[in-house]
Structure formats: C-alpha cells, structure tokens
Amino acid sequence: MPFVLNRRALLRGLAGGALCSVALPPLEAMLNTHGDALSGGAPLPVRFATFFFGNGVLWDQWIPATQGPGWQPTPQLQPLFDAEVADYCSVLTGFENKLEFKITHHEGAAGMLSGYPFEYLGGLESRFGGPSIDQVIAGALDTGHVPPSIQLGVSKRVSTDEDTTMRYISHKSTTEPLPPTYSPARVWNDLFGSFVPPEDPRGPARIRVLDAVREDARALERKLGAADRQRLAAHLEGVDELQTLIEREPPLCATPEQETEDNADVDGLEPMEQASQAMSRLLVYAWSCDLTRVASYMLTGGVGHTVYGHLGQTDEQHVMSHDPDTFRDQLGQTIVWNVQQFANLCRMLRDTEEGAGNLLASSMLLLCSDCGEGWSHSTFDQPIVVAGSGGGQLVHPGIHFRSATRQNTSDILLMLAQAMVPSIVPRRRRSR
Amino acid sequence: MTCPTLARTPALALALTLLAASLLPACGPSSTWGDGDGDDDGGGPDAGPRVELAPLRMRRLLDRQYVNSVRALLGDEVAGAAEPPENLVSRGFESIGAAEVAAPAVAIKRYEDSARAIAERAIVDLGVLSPYLDCEPSGPGDAACMETFVERFGRRALRRPLDQDEVARYAALGAATAADFDSFYTGASYVISALLQSPSFLYQIETGEPDPDDPSRVRLTGYEMASRLSFFLLDTAPSEELLDLAEKGALADAGGVRAAAEAMLDGGQGRGALEAFYEERFRLRELTGLSKDPGKYPAFDSHLAASMRQEALELLDHIVWDEDSDYHELLTARYAYVDADLAALYGVAPPDDPEAFERRDLPADGGRIGILGQAGFLAVHAHPGQTSPTRRGRFVIERLLCREVPPPPPDVVPKLPADPGQPETMRQKLGRHMKDEACAGCHALMDPIGLGLEHFDAIGGWRDEDRGMALDVTGEVEDVGTFDGLAGLAELLVGVDEVNRCWVENLYRHATAHVEGPYELPLVDDLTGSFAASGYRVRQLLLDLVASPGFRYAAPQEEEEE
C-alpha cells in the first residue's frame with residue numbers, strides 16, 4: 001500500500017486525494033535511539049538525495065549473507081568497502097514494493113520512489129501518481145533554500161516512449177515532472193555562475209522585469225480556467241525562485257572551479273565516467289555550500305537503455321538483462337560500476353568536513369532502482385541502500401536488515417521522510 | 001456533477017485500477033452539439049451525431065516555436081541567442097505535454113537566461129528593431145518613443161494588441177531602465193526581455209469567446225486562431241498580415257480560416273512544422289545519440305545517423321510539398337533520397353556532391369521500399385548489435401495503426417528460455433518466447449510484423465541471411481492479414497483504413513494538444529473521410545483539419561477546481 005505525506009505535498013497535489021497507509025512495522029533497527037543525535041550541540045543541516053540506476057541488480061551478487069552491523073561484502077556491494085564508506089551504509093533487503101498493477105519497470109520506479117501507484121495512460125505509458133520522495137521532503141523542509149532541490153542526470157539514454165514515469169525520477173506531482181540536468185557545466189552555472197554582485201545595476205532591472213511578468217500573470221489569471229490557473233501558479237513559483245536566486249548573497253564557501261564537462265557524446269559514446277564524477281563533485285559542493293538540501297541523481301534511467309561503452313560493452317544493458325545466462329558477467333560489471341559511482345559520491349561526502357563531522361554524517365542518501373532483477377522485473381527485493389547518518393538519526397555503523405515479512409518499501413520512504421521532517425505523517429486511504 | 005479529467009485528479013488516479021482508467025473517458029467535457037458536416041458552422045444541437053469538445057488549455061510554446069518566434073520578431077542573428085528549455089512530453093506528444101505539464105522552476109530560469117541573451121543581442125545591430133520604431137529616440141527619457149516601441153513590438157510578441165495597462169506597464173519598465181542605464185536602447189532591451197518572459201508570450205493563451213450559434217461551446221477569438229494556425233502550420237508566431245486578418249475578423253469562420261491557411265502553406269512554408277511533427281511521431285530524433293556496436297557496424301556513426309534522418313524528411317517533403325501526392329507513397333516509394341553514406345549502405349550510385357541528397361531508384365531485386373525500409377526507422381528500432389523484430393513490430397502497431405500494446409501479464413517472467421547452444425535466427429530465438437503463452441500474448445502482436453523485416457540488419461543494411469541461415473520473412477498483422485517481406489507488409493498496410501485514421505488521429509492530437517474524447521471521434525472520422533476524398537493529400541488534410549470544428553471550437557474552461 002502506498003502512503004501519502006502531508007504538509008505542502010498534501011496541499012500541492014493531494015487536496016481531496018485518496019490517502020492510504022500501512023500500519024507501520026518498525027524500522028527501528030535503522031534508527032539511532034541512543035539520544036546522541038544532537039551530541040554536537042546545534043543540529044547540523046540534514047540533506048537528502050535519491051540515487052537511482054536502472055534495471056536492478058543480480059540478487060546472488062547483491063544480498064549479504066549476514067545481517068546486522070558488520071555485514072559481509074558481496075560482489076556488487078564491494079565498491080562500498082573499497083571506498084571505505086560501508087560503515088555509513090545500511091543495506092535493506094527482503095522488502096516489497098506493493099504496487100499491484102504492473103507494466104514492468106513502471107511499478108518499480110513509481111512505487112520505490114514515491115509510494116503512489118502510477119497513473120496508467122494506456123499501452124506501455126504511465127506517469128507518477130504523486131510526488132516522489134525527494135519532492136515530498138523538499139516541499140516539507142521549511143528552510144527557504146532556493147532551489148529547494150536539484151535534479152542531476154548522467155546517462156542520457158533514457159526511455160522516451162513510455163511517458164514520464166520511466167523518463168524522470170523526480171516528480172512534484174502527476175503533471176509536474178522535474179527533468180534532470182545532464183550537463184555538469186550547466187549545473188555549475190545554475191549553482192555558482194549566476195550570483196549577481198550587489199552593485200550590479202542589472203540585478204534590480206531584472207527584478208523589475210519579473211515584477212512586470214507577475215503583473216501580467218495576475219491579469220491573465222482572471223481569464224483562465226482552473227487547470228490553467230494551476231499551471232500558471234506553478235510558473236509563478238518558478239518566477240519567485242528566480243527572484244530569490246537573483247537577490248541572494250553569494251555563499252560563504254569558495255566557489256568551485258568552473259565545470260566544463262558538458263556530457264556530450266564522444267564518437268557515439270557517453271562520457272559516463274567523467275559526467276558521473278563531475279555531477280558528484282557538484283552535489284558535494286552544493287551541499288557543502290548549503291545552496292540546496294535535496295537532490296535526485298539519476299545515474300542511468302529506468303529500463304536500462306544505457307550502453308556501458310566505457311566498460312568496453314556494445315549492448316544495451318536492458319537487452320543483456322533479459323538474457324542473463326549469456327550476459328551474466330557483463331551485466332554484473334554494469335551493476336558494480338553503478339555502485340562504484342554511489343560509493344564514490346559517499347566517499348566525497350565523507351571526505352568533506354562539516355563542523356566536527358563530515359557531510360556524509362549529516363546526510364541521507366537512498367540508492368534504489370526500478371526493479372529487483374532486470375530479467376524478472378521483480379518488485380520484491382529491489383536494491384536499497386541507505387547511506388549517511390542523517391545528522392545522527394540513523395545507526396552507525398550501518399546494518400544489513402532483511403525483512404522476514406516482505407515489508408513495504410514505502411516504510412523506508414516514510415522512515416527517511418520522518419527523519420528529515422518529523423511532522424510528516426502517513427495518511428490512511430480516504431474513502432471516496 | 002463536474003466530471004474530473006484523468007490528468008488532473010490525483011484522487012482519482014490513486015484509486016484507479018486499469019479497468020477504471022479505461023472507463024474514465026466516458027466522463028467527458030460538457031460542450032455538446034451536433035455537427036453533421038465538418039464545415040458547417042451552423043449545426044445546431046440536433047443536427048447530427050453528438051460531439052463533445054475538450055476545454056481549452058494554455059500551451060507552452062515548444063522549443064522550436066519559441067526559437068522561430070524570436071526569429072520572426074528579431075531575425076536570424078538574434079534568434080541564435082535563443083535557448084529555451086526542453087519540451088516535456090505527455091501521452092506521447094510534446095504538444096500535449098505543452099498543454100498539461102507545468103513548467104518546472106528550472107525552465108523559468110532558462111527562459112530568463114534566454115530572454116536576457118536575446119535582449120542583449122537585439123541592441124547590437126539596431127536595424128532589427130526598426131520595424132518597431134517609427135521614431136528616433138530623442139534621449140533615454142523619450143517616453144512617447146518607448147511607448148510606440150512597446151505597442152509595436154508587443155503586438156508581435158504577444159500575438160495580439162496590448163491593452164492599456166500592459167502598454168503602461170512595459171513602457172514604465174523601459175523608461176525606468178533607460179534612466180538607470182542612461183540609454184534608450186538598454187531600456188528597450190529590458191522591454192524585450194520582459195515581453196519574452198511574459199506568460200502571454202511563453203504560452204498560447206486561449207480563452208475563447210461565446211459562439212453566437214451555440215452557447216454550449218466557445219469559439220477561438222481571431223487572435224487566438226491566428227496563433228493556433230501559425231503555430232500548428234508553421235511552428236512560429238503569426239505574421240503581421242495574419243494578425244491583421246484576425247483584427248478584421250477574417251478568421252471567424254471556416255472559410256476564412258481555410259483561406260488564411262492556404263496562403264500560409266503557399267510555397268511549401270509548412271515544411272518545417274510538418275517535418276517536426278513527423279520526426280516526433282516517427283521517432284527520428286532517436287537517431288541522435290543512437291549507439292551501435294562498432295565491431296559489427298563500422299559504417300555507423302553520427303554522420304550516417306544524421307543522413308538517415310535527412311533521408312526520411314526528404315521523402316516526406318517530396319511527397320507532401322513537391323508532388324502534393326497520395327501519402328501512401330511514404331510506404332511504397334521504390335526510390336530514396338541518399339547522400340554518399342546512404343548510397344553506400346543501400347548499394348546505389350552516390351551523388352557527385354557527397355553531402356547532397358539525390359533521388360535514386362532502389363535496386364529492383366532488393367526488398368527495400370518506403371519508410372519501413374528506411375535505415376533510420378530500421379536502426380532506431382533495433383538493438384545496438386542485433387535487430388529487434390519486437391521493436392519494429394511495436395512501432396507499426398502503435399505508430400502506424402494506433403493500437404495499444406497491452407502490458408505483459410503480471411506473472412510473466414521475461415527471460416528467454418535457455419539458449420539451445422547453437423546458432424539460431426532471430427525468428428528461432430523469438431520463437432522460444434512464443435512458446436510461453438504469457439509472453440506470446442503481447443509478442444504475437446509485434447514479432448510477426450518485425451520478423452518480416454529481418455532482411456535488414458540493425459543499421460538498416462540489407463542481408464541475405466541471418467548468421468549464415470536462410471531467412472523466412474513471412475509475417476502477419478493481426479486482424480489484417482499475412483504478408484511476405486517488407487514489400488508485402490507495405491502493400492498490406494496501404495490497404496488498411498486503420499492506417500489512414502491513425503495518421504489523422506496523430507495529426508489531430510498534435511494540432512489540438514489533447515487526446516480526443518469518445519464524443520470527438522466523429523470529427524476524426526470526418527477528417528479521415530475527407531482525407532480519402534482528397535486522394536490522401538496531406539496538404540488537404542492540414543486545411544481540412546484547421547477548418548474543422550475540433551480546431552476552431554472548444555468547451556468552456558471549467559471555472560472551479562476539480
């Protein structure tokens with residue numbers, strides 16, 4: 001069963017919505033109950049990111065043999081040990097994404113990332129039925145950060161003919177998908193390249209332009225129907241965010257070197273390695289400069305149309321995944337590479353000091369995918385790693401926890417959301 | 001009771017089952033009237049089958065429409081600075097995405113970046129502003145001249161005359177900024193920047209006006225019609241002349257709209273817009289960034305991929321604009337437009353200029369024919385290292401026949417049964433799929449079509465055999481018939497009215513930015529009929545479509561939140 005989160009998420013997309021929830025089985029094993037969460041004094045900022053790669057893993061190379069702390073590495077989780085961040089990582093297995101209606105991949109992505117059943121559009125098309133977890137958190141965090149969240153993408157080989165569920169991982173609502181930016185150069189520019197020096201007269205002139213735009217919108221609003229007014233309101237939210245960006249002070253941190261990687265194909269190959277490293281650097285900077293608190297990171301898209309050319313491969317990962325007997329080794333390599341990118345991001349966060357601790361200690365990252373194993377499209381045992389100690393709220397060292405009861409993956413989303421914003425509560429399905 | 005639409009009601013979406021979803025469209029919009037004849041404006045409520053229209057939705061300009069609009073306003077040089085955000089797709093169409101999907105905050109920032117870059121470049125060579133200035137500014141504070149500029153530029157930018165408040169607002173913005181920077185033209189550039197960020201520029205705003213003949217529906221206003229026509233037919237903002245026609249009321253009836261459209265399409269000006277639609281529906285854009293196994297297909301590179309795209313557009317242009325002939329030739333053309341790279345792939349003589357596209361007859365003994373024999377289609381609908389009859393079949397089912405491929409049954413395990421350990425043809429390999437009943441349900445729709453194209457490898461090159469084994473290219477289109485090879489498939493499809501209706505439906509959805517409801521189907525049927533009557537000429541279909549009630553009328557907007 002899906003759950004629904006309240007506050008702005010509720011106001012934005014769910015007013016009058018059907019709401020449902022589960023009785024909450026405890027995920028206490030994940031939570032730090034020692035009361036030392038705030039031992040350093042004032043709470044450190046807590047950040048959240050989803051980290052997604054397409055098409056699942058291979059269970060026999062993923063699931064650790066032992067539970068609890070000190071879990072043993074497996075081939076596909078080994079990169080977390082290689083990067084020396086495994087103690088910050090909890091591996092959750094045996095969970096089930098409970099979405100009942102299946103197209104393949106869609107239910108895996110929508111359920112894992114949002115908890116909502118997708119909205120079916122016919123054929124093999126769907127879109128999210130509600131906001132993704134990153135947007136629930138970004139909407140409920142009341143920190144005033146602009147942008148409230150950023151969306152990063154690495155592989156551009158994403159599904160283009162199954163509508164928005166398979167194309168994007170961040171969704172503010174059913175009709176508000178948030179496309180990722182694939183160019184690190186552009187992300188740098190968005191984050192660091194647009195500060196307006198206080199003495200620059202263009203700043204106030206740009207604000208004057210936005211004022212005129214808002215007045216236009218107000219005059220227009222009266223003539224529009226309800227659906228259009230909603231979209232115009234979303235547009236104006238963007239205008240307000242833009243104004244904040246123009247008016248804000250540059251951050252106190254040192255501006256990182258300008259990023260030049262644009263993630264353009266070279267001889268038909270994607271520069272996956274370079275783009276991934278650049279995106280991870282940028283996310284670390286964005287967080288260490290406290291420019292935003294929430295991110296989504298789509299390493300590869302759902303379904304797995306990516307060709308891992310940098311690993312010497314020539315086939316689409318998706319095609320290989322349906323023939324796992326033939327392509328087992330190659331498939332395994334792609335998954336290991338995916339986890340390496342996650343491990344690398346975690347390592348960079350861990351190596352960035354903050355207060356007495358580090359950025360990984362004050363963050364929560366959710367690694368996930370759109371199915372358990374690619375060839376079966378399973379929504380049971382989708383790969384899930386929760387990294388970071390969330391400002392002391394999550395256990396350290398991390399654990400391997402295997403649900404004996406096929407617990408709902410939504411429980412994990414709820415736990416993370418509540419760790420970020422305690423006032424977020426699950427809601428029951430409202431009868432219609 | 002207000003019936004919610006599927007799109008905008010999370011409450012409903014949450015509770016939906018597949019069954020419920022399929023029932024929803026019965027809950028349609030409220031404008032109802034009969035219309036026995038697509039061209040008849042006066043059809044009263046009892047004049048024919050019941051027709052219900054969708055309400056109007058504002059539509060964000062597509063990226064190409066944005067760039068072309070800037071070009072129309074300020075010329076090529078300035079348009080080079082235009083960099084709008086990407087289009088967002090909904091229900092398979094960018095135009096529907098433009099009408100349904102909210103602009104994310106990052107898009108608003110891109111619009112500002114783009115508008116500022118355009119505005120800066122617009123005052124480098126002041127000649128581009130001359131159409132909007134009939135005065136020589138006496139200085140930064142020349143208010144009258146600023147006002148003239150706002151009125152004139154504003155009318156083109158917002159595609160309608162500005163009201164008094166708008167003129168005052170933008171003139172004040174221009175004056176204040178001119179004073180700050182001590183430059184009239186800097187002031188004007190901020191007016192440009194602001195107008196290009198106004199929702200009235202970024203969206204096609206349609207609110208309609210009461211239809212004097214039928215109170216249950218609204219008619220697009222003259223200016224709204226000018227924009228709708230121009231963006232649909234030409235992918236750009238309406239010209240001064242078209243706005244003048246709107247002002248005179250010449251776009252209020254079907255005849256006026258058709259006459260204006262005919263003038264607009266003169267000289268093949270509609271090429272670009274139709275090409276863009278075709279590229280989207282026929283998935284030619286997937287050629288950008290397409291990966292192929294370089295070991296198996298050393299000839300494949302981004303240049304060849306670009307040639308494949310161009311070839312497809314050349315054939316479309318030839319049939320629709322140069323010849324104005326029956327569009328079925330898209331399926332049956334025994335010739336192709338090739339550059340040197342494609343000539344090598346197809347085994348025909350290259351043009352003298354290797355980059356030029358010239359018409360060549362295709363080898364008579366080869367099976368290559370029409371768009372399903374074009375390398376672009378064949379390569380996009382294949383894997384990097386092998387063909388994909390499933391993808392090729394799915395394209396025919398979904399994009400040519402407008403049928404839906406159902407999702408796999410819940411218990412299906414889509415893993416190929418064990419490899420027999422010896423070479424097999426694709427037909428044999430997929431045959432292992434078909435042995436599993438659960439798989440066969442969907443694959444039986446798609447694979448037997450794609451298997452008929454097995455003479456074409458994963459980049460569209462001809463092959464006599466598959467891994468040394470003879471090819472069997474017989475196939476079947478469910479409920480239509482069997483065929484032998486590509487030529488047989490093309491012939492079969494030419495005789496199927498479902499294909500014609502699908503083409504019309506795609507164009508209708510693209511033009512009206514929504515998926516037609518069940519009570520709108522008679523309009524699509526009418527258009528399919530008139531398409532046939534015209535000898536399947538696409539140019540005529542475009543004219544019939546813009547004159548049809550579905551393009552010119554709508555249900556009133558819902559006033560309340562659903």
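Start with helix 23 (residues 521-533) and helix 24 (residues 538-547) of chain B, which in this predicted model pack at an angle of about 145°, their axes 9 Å apart. The crossing of these two helices of chain B is right-handed. If you want to find the contact on screen, pick out Leu527(B), Ser530(B) and Phe531(B) on helix 23 of chain B, then Val538(B), Leu541(B), Asp544(B) and Leu545(B) on helix 24 of chain B. Sorted by class, that contact comes to five nonpolar residues, one polar and one charged.

Stay with helix 23 of chain B for a moment. Its 13 residues reach 18 Å from the first C-alpha to the last, close to the 18 Å expected at 1.5 Å a residue. The buried residues of helix 23 of chain B are Pro522(B), Leu523(B), Val524(B), Leu527(B), Thr528(B) and Phe531(B). Leu527(B) and Phe531(B) are on that buried list and also take part in the contact with helix 24 of chain B. Just past the end of helix 23 of chain B you come to Gly535(B), which takes a positive phi of about 75°.

Now hop over to chain A and look at helix 3, residues 106-114. How many of its nine residues are buried? Nine of the nine, so the helix counts as mostly covered, with under 20% relative accessible area as the cut-off for each buried residue. The run goes His106(A), Glu107(A), Gly108(A), Ala109(A), Ala110(A), Gly111(A), Met112(A), Leu113(A) and Ser114(A). What do these buried residues pack against? In chain A they meet strand 1 (47-52), strand 5 (125-127) and strand 12 (363-368), along with helix 4 (133-140) and helix 11 (409-420). Just after helix 3 of chain A there's a glycine with a positive phi, Gly115(A), at about 85°.

Next, a single residue in a loop. Thr164(A) is found between strand 6 (149-153) and strand 7 (170-171) of chain A. Is Thr164(A) buried or exposed? Thr164(A) is buried, because its relative accessible area is 4% and the cut-off is under 20%. Leaving out residues up to four places away in sequence, Thr164(A) touches Ser126(A), Arg127(A), His171(A) and Pro177(A), plus Val89(B) from chain B.

On to the cysteines. A disulfide is a covalent bond between the sulfur atoms of two cysteines. The structure holds three of these links over all chains.

One of them joins Cys253(A) and Cys289(A), with the sulfur atoms 1.8 Å apart. This link is right-handed, with 105° about the S-S bond. The pair links distant parts of the chain, 36 residues apart: Cys253(A) sits in the loop between helix 7 (226-247) and helix 8 (272-288) of chain A, and Cys289(A) in the loop between helix 8 and strand 9 (294-298) of chain A. Cys253(A) is partly exposed at 23% relative accessibility, whereas Cys289(A) is buried at 10%.

Over in chain B, Cys135(B) and Cys145(B) form a disulfide with their sulfur atoms 2.1 Å apart. The torsion about this S-S bond is about 90°, so the link is right-handed. Cys135(B) lies in the loop between helix 5 (105-122) and helix 6 (143-158) of chain B, while Cys145(B) belongs to helix 6 itself, so the bond ties together parts that are 10 residues apart in sequence. Cys135(B) is partly exposed at 22% relative accessibility, and Cys145(B) is buried at 1%.

Also in chain B, Cys402(B) is joined to Cys502(B), S to S 2.0 Å. Here the torsion about the S-S bond is about 80°, so this disulfide is right-handed. How many residues apart are the two cysteines? They are 100 residues apart and link distant parts of the chain, with Cys402(B) in the loop between helix 18 (389-400) and helix 19 (426-434) of chain B and Cys502(B) in helix 22 (residues 497-512) of chain B. Cys402(B) is partly exposed, with a relative accessible area of 25%, but Cys502(B) is buried at 1%.

Cys346(A) is in no disulfide, and the nearest cysteine sulfur, on Cys89(A), is 4.8 Å away. Cys346(A) is buried, with a relative accessible area of 0%. Cys368(A) is in no disulfide either, and its nearest cysteine sulfur, that of Cys371(A), is 11 Å away. Cys368(A) is buried too, at 0% relative accessible area.

Key: Residues are numbered from 1 along each chain as its sequence is written. Chains are lettered from A and ligands numbered from 1 in the order in which they are written. This is a predicted model: local features need pLDDT of at least 70, side-chain atom pairs count only at pLDDT 80 or more; totals for chains, interfaces and linings use all residues. Side-chain values use heavy atoms; hydrogens and water are left out. Buried means under 20% relative accessible area, exposed over 50%, partly exposed in between (1.4 Å probe, protein chains only). Helices (H or I, at least four residues) and strands (E, at least two) are DSSP runs, numbered from the N terminus. Contact means heavy atoms within 4.5 Å. Axes are lines fitted to C-alpha atoms, for helices over the stretch in contact, and angles run from 0 to 180 degrees between N-to-C directions. A crossing is left-handed if the near helix is turned anticlockwise from the far one by less than a right angle, and right-handed if clockwise. Ala, Val, Leu, Ile, Met, Phe, Trp, Tyr, Cys and Pro count as nonpolar, Asp, Glu, Lys and Arg as charged, and the others, Gly among them, as polar. The expected span of a helix is 1.5 Å times one less than its number of residues. A disulfide is a pair of cysteine sulfur atoms within 2.5 Å.
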